[in-house]
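Subject: Two-chain model for you to look at

Dear colleague,

I am passing on the structure we talked about, with the sequence alongside. Please have it open while you read the notes that follow.

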Amino acid sequence: MSGFLGVVVLVVLMGMSVNPVLAASFTKAVLRYDRIMTGKLSGLQVVIVPLTVGTETKVKLVFASATVGTGQSATTTSLPTNAIALPGIGAAVGAGTSITVVCTDLTVGTTYAFNLLTVGTGMGVTTPAAGAYLDTISTLDAGDSTVDTTTVTSRIISNDQVVITANVPPTFTFTLSGNTDAFTTDLASDSVSSTNGISVAVTTNAAKGWTGWIKSLNQALTSVVAGESIGTSGTINGAAEPCAVGTDCYVLDVGVTSGTGGGTLTADAEYGGDGSTTGGTFTSVFQPFAARTGKTNGDTVWLRAHATMVATKAAANDYTDTWTVVGAGNF
Amino acid sequence: MTLLAFPAGSSYKLEGYTFGGGGINGGTSPNYQYQARVGQLDNNMMVGSSFSLGAGLAFERQSPTPISPTLSNPGSYYNKLKLVVNNESGGSTLPPDTKYVMAISDDDFVTTKYISGTDHSLVDSYGIADYQTFLQLGDTGGFDILGLDPGKTYKVKVRSMQGSFSESAWGPISDGVATANPTLTFDIDVSASDVATTPPYVVALSSLYPGSVVTSDEKVWVSVDTNAAAGGSVFVYGQNAGLKSLAVGYTIASVSGDLSNLDNGFGVQVSSVSQLTADAFYIGSGDIVGLTDTLVRQIFYVNGPVTSGRGSFLVKAKSDNDTPAAGDYTEALTVIVAANY
C-alpha cells in the first residue's frame, strides 16, 4: 500500500515547485517623445510604475528605429504631477539602439518619471520616418536581468506643429481736445498772455513712435477789423525764445505728459517753453512740435500760445490765427 | 512441497499475489475468499504519436483530463488574452471542486510557461496555489491571462486535480490566438470644420486690433486611436511662449485667464471632444484660455483604449496699445501624443 501511495504522490509533485514570477509588464509605462515629427531631434519623458519585485539598477529604453544620440543627459525636472523622480538617477548612456539610465531600487506601485534632454550634442533621439514603432522600456537589475518590461508604440507623423500667425496692424490715434483756444486775458503790452491750451492725445503701436507737426495760417494774430497783426517772434533755431513785453510777440509753447509705452516723449526743442512766457516761432510750413521714439498708450501734449504786443497795437477783438496740427506714427 | 511461501495467518491464507503479473483468482482460506487483481501497466506503454491511452493505477487515480480551453482576444489586446476553461471531460461536467492549472506557450510548447493562480500572469513553474476552481477562473466568463508579449500567438492547455485524485494529464491544446501589437495612431488637422487636412498646419488669426479678443476661424483637430490599456494623452506646448514678432522684438505672452479681462495675451481653449476628455486647464467659456508656454502640457486624455478619439481647440489672442505693430507675430504649437501602456 505504501508503494501505491508513493506513486500517487510522485505524480502530483512532478509539475510543482516554487513559482518565480517572470519579468512582467509594468503596471504603467509611457514613453513620450517631445517631438513626433519625422527627422526631428526629440527629448523623451519616461513614466513607469513597476509591477515586479526586484532590485533595479537601471532603466533601459530600446528604440525600434529612432536614432540614439551618444551623449545622453537625464533629468527629473518638469515631471507629471503624480510622478516622483526616478531615485538615484545617474548616468544616461546612449549606445546603438538603446539608452540606459542608472537608478536605484524601485518600489512596486510607485510612479516614477524622468526626462532625457536635447540641450547638448548627442542628446535625445532623432525621430524616424512617419509610422508606428515598437519601443521597449525595461528595468534591469545588477546582473542585467529584466525586472519589468513593456513594449510601447511610438507614433511618428509627418508634421507635429501648428503655426499660428497674427498681424498686429499699425494703429495711430491723434485727438485734439478742441478746435478753438482763446487767450485767458486780453492781450496787453505790459504782460504776456497765454491761451488755455489745446491738448493732443496720442496712442500708437508704431514701434518707432510718432511725430506731431504744426503750421500756422498767418504766423501772426491777425485782426481783419483793425487791419493789424501781432507777428510771431524769434526764429526757427532749435530753442524756445522769450516774449519781451511791449513788443509784438506770438509764440507756441509745448508741454508733454508721457503715456505708457516705449521710448521717450519730448517736446521739440524749438517749442519747449516754460509754460508762461517762452516758446517757438510759428511758420507756414509744418514744424515738428513733439515726438516719441517708441509705441505709446496715452501721450498728452499741450499746445499753448503766448503773446504780447507793442502799446500802439490797434484794439480789436478778432485777432486770430489758425493752426494745423497733424501727427503720424513711425512704423 | 511449497515452493513459494505466501502470507498467511490463523484465519486467512493468501494464495498468491502479484503486481503487474496478471492477478490471482480464488484466493481462499478457511474463512475467507477473494477474487482480486492488483496491478498496473506502464503508463508510457500505450502512448503513440496520435493517441494516449491511460493505463495503470496512476491513470486510474488521475482526475479527468479537461477538454481544450477556449482562448480568444476579444479586445485586440496586446498584453493579455481571454481564457475560458471548459470544465468538461468525456462529455461530463467535472465536479465543482475540481481545480485546474494552465500551461501556455507561444512556440507550440517548445517552451512552456504557466498561469499564476495569484494574478494570472505568467510564471516559470506552477505550484499548488496555482490550481483554481472553475468558479475562481471566471466560470463560463473566463479570465484574462496577463503579461503577454504583443504580436505573439499563444496556445493553452489545462490539467485538472480533484479531491484525492492526482492531477490529470495535460488536456488538448487550444487553438492559437495572437495578441495584437500595441497601437497608437495620431493625426492633426486644421480646419473650421471637422475635416481632414494635410500639413503644413497654419492658423491665421485676423488682425489683432488693440483691446479686441480675436478667435481663430480654424480649429486645431486631433485624432487618437490606441489599444493601450490605460489610454493616452495629447500634449501641447509652444515654441515662443506666445506670439512673437522678430521684426519688432516683442512677444504677446501666452497666458491663462480671461482675455476679455486681460490687457493682452495668447492661449488656447478646448472646443470639442469625442471619446476624449479635455484637461481642465484648457476648458473655458468665452475668452478663457490656457497658456501654451514651453512646458509640455496635457490638453486631452483618455483612460482606456479608444477608437476614433477626436478633439479640437481654438486659438485666441488679444493685443493692446502697448503691442507694437508687426505682421510677423508667430507661434509654433507642437502637438504630440503618448499612450499609457
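**What was found**

Chain B contains one helix and 27 strands, where helices (H or I, at least four residues) and strands (E, at least two) are DSSP runs numbered from the N terminus. Please keep in mind that this is a predicted model, in which local features need pLDDT of at least 70 and side-chain atom pairs count only at pLDDT 80 or more, whereas totals for chains, interfaces and linings use all residues. Residues are numbered from 1 along each chain as its sequence is written, while chains are lettered from A and ligands numbered from 1 in the order in which they are written.

Of the 341 residues of chain B, 42% are buried, a residue being buried if 20 or more other C-beta atoms, placed from the backbone, lie within 10 Å of its own. Chain B is divided into domain 1 (67–178) and domain 2 (184–339), with bounds that come from an automatic or database domain assignment, and the C-alpha centres of these two domains lie 49 Å apart.

Chain A has one helix and 28 strands, and buried residues make up 42% of its 331 residues. Its assignment gives domain 1 (25–156) and domain 2 (172–329), whose centres, taken over C-alpha atoms, are separated by 72 Å. The C-alpha atoms of chain A fill a box of roughly 155 × 35 × 30 Å along the principal axes. The radius of gyration of chain A is 42 Å, whereas a compact globule of 331 residues would have one near 20 Å; this radius is taken over C-alpha atoms, and the globule rule is 2.2 Å times the number of residues to the power 0.38.

Turning to the interface, 68 residues of chain B are in contact with 56 residues of chain A, contact meaning that the C-beta atoms, placed from the backbone, lie within 7 Å. Elements of chain B that each supply at least two residues to this side include helix 1 (56–60), strand 14 (184–191) and strand 26 (306–318), but strand 27 of chain B gives the most, with 13 residues.

Strand 27 of chain B also pairs with strand 14 (residues 161–168) of chain A, in the antiparallel sense and over seven bridges, pairing being assigned if DSSP finds at least two bridges between two strands. Within this pairing, A:Val162 stands opposite B:Leu333 in strand 27 of chain B.

With best wishes

How values were computed:
Contact = placed C-beta atoms within 7 Å. Buried ≥ 20, exposed ≤ 12 C-beta atoms within 10 Å, placed from the backbone.
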